[in-house]
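Subject: Handover of a structure

Dear colleague,

I am handing over the structure below, together with notes on what was found in it. Please read the notes with the structure open beside them.

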Amino acid sequence: MYVRRLLLNVAPIVSGLLLWELLARLALITPQFFPPPTVVLDAAYTEIVHGEMLYHFGVSLRRIVLAFAIGASTGVVAGLLMGWSRQVRLVLNPYVGLLYPVPKITLLPISFALFGVTETARVVTMSLAVFLLVSVSTMGGVRAIDDVYIDAAIDNGAGTIDLYREVLLPGALSQTVSGLSLGFGIGFILIVVIEMVAADAGLGYVIWNSWQLFTIPRLYVALMLINVIGIVFVYGIEAAGDYLTPWEGQ
């Protein structure tokens with residue numbers, strides 16, 4: 001199934017790249033702004049092997065992994081607690097409801113005011129974006145669980161920890177995975193934008209710096225690496241979700 005889906009996804013991309021190459025070589029599109037893919041690949045080799053692109057890739061990857069891990073783990077825990085406990089929901093829901101609709105990039109100046117123009121501020125901003133989406137999705141998943149499953153677990157002597165582990169988390173897992181996927185997407189966009197406007201390293205920084213210096217092939221190399229990170233995370237989350245919720249496909 002995954003091989004077929006991968007082929008269906010790859011075929012349009014390959015066709016688009018071939019068309020792009022042809023149009024650029026024939027000067028039907030401006031090659032200064034849309035260099036042929038072969039030129040971009042040549043620049044990728046130079047930047048990755050002889051340049052600093054791998055360093056910037058590592059910086060972005062570290063930020064993304066750290067922020068996603070913090071936001072996802074705290075979001076799952078908060079979502080489970082808010083979904084099951086009315087008291088916790090009454091305490092946390094106003095804050096979540098207040099921050100959820102706010103464009104998360106607007107919180108960056110507040111993070112800078114609290115933590116300075118530091119790595120902590122960048123990671124906290126992305127973590128918050130992931131946290132909000134994951135916690136809301138998980139809470140919705142818990143509240144959607146049929147009471148019959150919860151009552152059956154309690155009648156069979158399940159304690160609080162057992163209830164969370166055996167009923168609430170599995171029951172909410174499908175929506176949690178959706179929240180993780182959405183949270184990663186929003187958080188990833190956010191970290192790239194932050195790197196473009198308030199960082200001196202990372203793939204977002206490379207994109208903006210390349211535009212300023214008009215080194216367009218280098219810009220496309222950074223975009224290509226961003227796509228690699230995005231594809232790995234999105235397909236990884238989807239595969240993990242399918243593995244952990246086999247009943248969803250039945």
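H56 is buried, since its relative accessible area is 6%, where buried means under 20% relative accessible area, exposed over 50% and partly exposed in between, with a 1.4 Å probe and protein chains only. H56 belongs to helix α3, which covers residues 53-84, and its side chain reaches the backbone nitrogen of G202 at 3.1 Å; a polar contact is a pair of N or O atoms within 3.5 Å, where within protein one must be able to donate a hydrogen and the other to accept it, and residues adjacent in sequence count only if both atoms are side-chain atoms.

Please keep in mind that this is a predicted model, in which local features need pLDDT of at least 70 and side-chain atom pairs count only at pLDDT 80 or more, whereas totals for chains, interfaces and linings use all residues. Residues are numbered from 1 along each chain as its sequence is written, and side-chain values use heavy atoms, with hydrogens and water left out.

As for the overall picture, the protein chain has 10 helices and 0 strands, helices being DSSP runs of H or I with at least four residues and strands runs of E with at least two, numbered from the N terminus. The C-alpha atoms fill a box of roughly 70 × 50 × 30 Å along the principal axes, and buried residues make up 39% of the 250 residues in the protein chain.

The structure holds 6 salt bridges, a salt bridge being a side-chain nitrogen of Lys or Arg within 4 Å of a carboxyl oxygen of Asp or Glu. One of them joins R25 to E21, with the closest N and O atoms 2.8 Å apart; because R25 and E21 are 4 residues apart in helix α1, about one helical turn separates them. R25 is exposed at a relative accessible area of 53%, whereas E21 counts as buried at 16%.

Another salt bridge is formed by the side chains of R218 and E47, at 3.9 Å from N to O. This pair links distant parts of the chain, as R218 lies in helix α10 (residues 216-244) and E47 in helix α2, 171 residues apart. R218 counts as buried, at 16% relative accessibility.

In helix α6, R122 and E119 lie 3 residues apart, about one turn of the helix, and their side chains meet in a salt bridge of 3.1 Å, N to O. R122 is buried, with a relative accessible area of 8%, while E119 counts as partly exposed at 27%. Salt bridges that share partners join R62, R63, E119, R122 and E195 into one network.

Turning to the surface, F33, F34, W208, W211 and F214 form a nonpolar patch with about 520 Å² of accessible area together. Patches are made of residues with over 30% relative accessible area and no salt bridge, like charges being joined within 9 Å and nonpolar side chains (Val, Leu, Ile, Met, Phe, Trp, Tyr) within 5 Å; accessible areas come from the Shrake-Rupley method with a 1.4 Å probe, and for residues only the protein chains shown count as cover.

Best regards
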